[in-house]
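Open the model in your viewer and keep the selection tool at hand. The stops below say what to select next and what is there.

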Amino acid sequence: MTSAKVAVSISSDVLSEAKKQVRSGRAKSLSAFVTQAVAEKIGRDDLNDILDAMDEAHGKPSKADQAWARRVLRRSS
């Protein structure tokens, strides 16, 4: 994977929290932490697009469907 250097502006509070996360070992570096965060956001957006397409094709899940999913997920965790 190749990398590119970019400049971004983020709030000082977010930057401070990100640096704490790096110091605690949750990422090798600030760059790695930001890369992971951006990749996760892209993945969530892609998933939301898929779910929106499913809702459009099949309709939104009913309350009963949602309750069933919560029960199944609760058992699997």
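Predicted model: local features only at pLDDT ≥ 70, side-chain atom pairs only at ≥ 80, totals over all residues.

Residues are numbered from 1 along each chain as its sequence is written, and side-chain values use heavy atoms, with hydrogens and water left out.

**Helix α1**

Select residues 12-23, helix α1. Helices here are DSSP runs (H or I, at least four residues), numbered from the N terminus. The 12 residues of α1 should span 16 Å at 1.5 Å a residue, and the end C-alpha atoms are 16 Å apart, which agrees. The expected span is 1.5 Å times one less than the number of residues.

Now pick out Ala18, Gln21 and Val22, which are buried. They sit on the same side of α1, because they cover an arc of only 100° around the axis. That arc is taken from the directions from the helix axis to the C-beta atoms. Buried means under 20% relative accessible area, exposed over 50%, and partly exposed in between (1.4 Å probe, protein chains only).

Turn to the other side of α1, where Ser12, Asp13 and Arg23 are exposed. Then show α2, which is part of what covers the buried residues of α1; contact here means heavy atoms within 4.5 Å. After α1 comes Gly25, with a positive phi near 90°.

**Leu47**

Select Leu47, in helix α2. Its relative accessibility is 46%, so Leu47 counts as partly exposed.

**The pockets**

A pocket is an open set of points on a 1 Å grid over the protein atoms alone, where a 1.4 Å probe fits, with protein on both sides within 12 Å along at least five of seven lines; lining residues have an atom within 4 Å of a point. A volume is the space filled by probe spheres set on the points.

Which residues lie nearest the centre of the largest pocket? Select Ala4, Val6, Ser31, Val34 and Thr35, from a lining of 15 residues. The space in this pocket is about 480 Å³. Helix α2 (residues 30-58) gives the most to its lining, with five residues.

For the second largest pocket, select Leu51, Met54, Asp55, His58, Gly59, Lys60, Pro61 and Gln66. Its volume is about 170 Å³. Here too α2 gives the most to the lining, with four residues.

Terms used: Helix = DSSP H or I, 4+ residues; strand = E, 2+ residues; numbered from the N terminus.
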